Amino acid sequence: MAFTGHKRGLSASHPKRQKKTPSDVVFEVVLTVIIVVILLAILYPLWFVIIASFSDPAAVATGQVTLLPKGFSLGGYAKILTDTRIWIGYRNTIIYTLLGTAVNLAVTIPAAFAMSRREFKPRRIIMFLFAFTMFFSGGLIPSYLLMKQLGLLNSIWVFILPGAFGVYNMIIARSFFESSIPEELYDSARVDGTSYFGFFFRIVLPLSSAIIAVIALYCFVGHWNDYFTGLIYIRDQDKQPLQNILQMILLANQTEHGGASMSALQSQNFADQIKFGIIIVSTLPLMVIYPFLQKYFNKGVMIGAIKG
């Protein structure tokens, strides 16, 4: 009897897995197919750009390149990497990106912490003013005149200061602080005589590595891909970011080969290979960095996006 009771206890604590019904199997199969299709739709264009950048331009133009490179060629990369302007663009973009991301974090994270404190009475009014700027702006011409009056035209600071504070990133970080930093921690810190600054730097920041990594990645990608700022506000070529330099290289090669002895079709094919190479050159650093931040990215986005 004791043995039977023991068996019943085991069966109660470890119930048998419910058998899947035919509808469950169909649902899982359909869901798997949908996920695979979405995955291929996302990955194949990137894969095609990679193999097209290493293939013979004529083979790409005639549709012979689908899954593997054909007629291996590094002509596009040779043209891109031998242009000294690209290294100037890389240097400028690295400076703008690192400095801009540091300023973004230094402004956004403390503001998000302040907005998360319930005892900060004006936070609702300030939050409304922040949110207002997300939907309404003065437009391009007033922005250009403002940058001119502030003396930011043709300056490194035009990449850094105007976008130093991101409302969207602040909202994500504020939600993270409200849902993931227990109020009891502040009560304990206050009992020990810790100020708000001490609580923020000694307790909040060490516990917020996930959301800091997410905000840093958002800001890093935004600065790295910034094309519009250099196009509108920068005149000196030695201050142009990578994206604008790559556009100059592409346009210069289209013009150069269009007027040379090379046929119009060959010129267009070679320009396309340069275009594929430019995509890889501009996105490679981001693809290298992202895997190291992926675990923080997944955790930070989920915690920062859901309150409670």
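In this predicted model, the largest nonpolar core has 24 residues, and Ile80 and Ile86 touch the most other members. A nonpolar core here is a set of buried Ala, Val, Leu, Ile, Met, Phe, Trp, Tyr and Cys residues joined through side-chain atoms within 4.5 Å. Buried means under 20% relative accessible area, exposed over 50%, and partly exposed in between, with a 1.4 Å probe and protein chains only.

Which elements give two or more residues to this core? They are listed here with their residue ranges; helices are DSSP runs (H or I, at least four residues) and strands are E runs of at least two, numbered from the N terminus.

| Element | Residues |
|---|---|
| α2 | 22-53 |
| α3 | 57-61 |
| α4 | 75-81 |
| α5 | 84-116 |
| α11 | 209-224 |
| α13 | 242-258 |
| α14 | 264-305 |

The most comes from α14, with seven residues. Because domain 1 (26-72) and domain 2 (75-306) both give residues to this core, it lies between them; the domain bounds come from an automatic or database domain assignment.

Residues up to four places away in sequence aside, Ile80 touches Ile86, Leu246, Ile249, Ile274, Gly277, Ile278 and Val281. Contact means heavy atoms within 4.5 Å. Another core, of 20 residues, lies apart from this one and includes Met127, Tyr186, Ala189 and Ile215.

Now to helix α2. Its 32 residues should span 46 Å at 1.5 Å a residue, and its end C-alpha atoms are 46 Å apart, which agrees; the expected span is 1.5 Å times one less than the number of residues. Along α2, a kink of about 30 degrees lies at Leu43, shortly before the proline Pro45. Such a bend is the angle between axes fitted to the seven residues ending at a residue and the seven starting there. The buried residues of α2 are Val49, Ile51, Ala52 and Ser53.

Beyond its neighbours within four places in sequence, His223 is in contact with Tyr96, Thr97, Gly100, Thr101, Asn104 and Phe159.

Stepping back, the protein has 14 helices and zero strands. Of its 308 residues, 34% count as buried.

A few notes on reading the model: residues are numbered from 1 along each chain as its sequence is written, and side-chain values use heavy atoms, leaving out hydrogens and water. As the model is predicted, local features need pLDDT of at least 70 and side-chain atom pairs count only at pLDDT 80 or more, while totals for chains, interfaces and linings use all residues.
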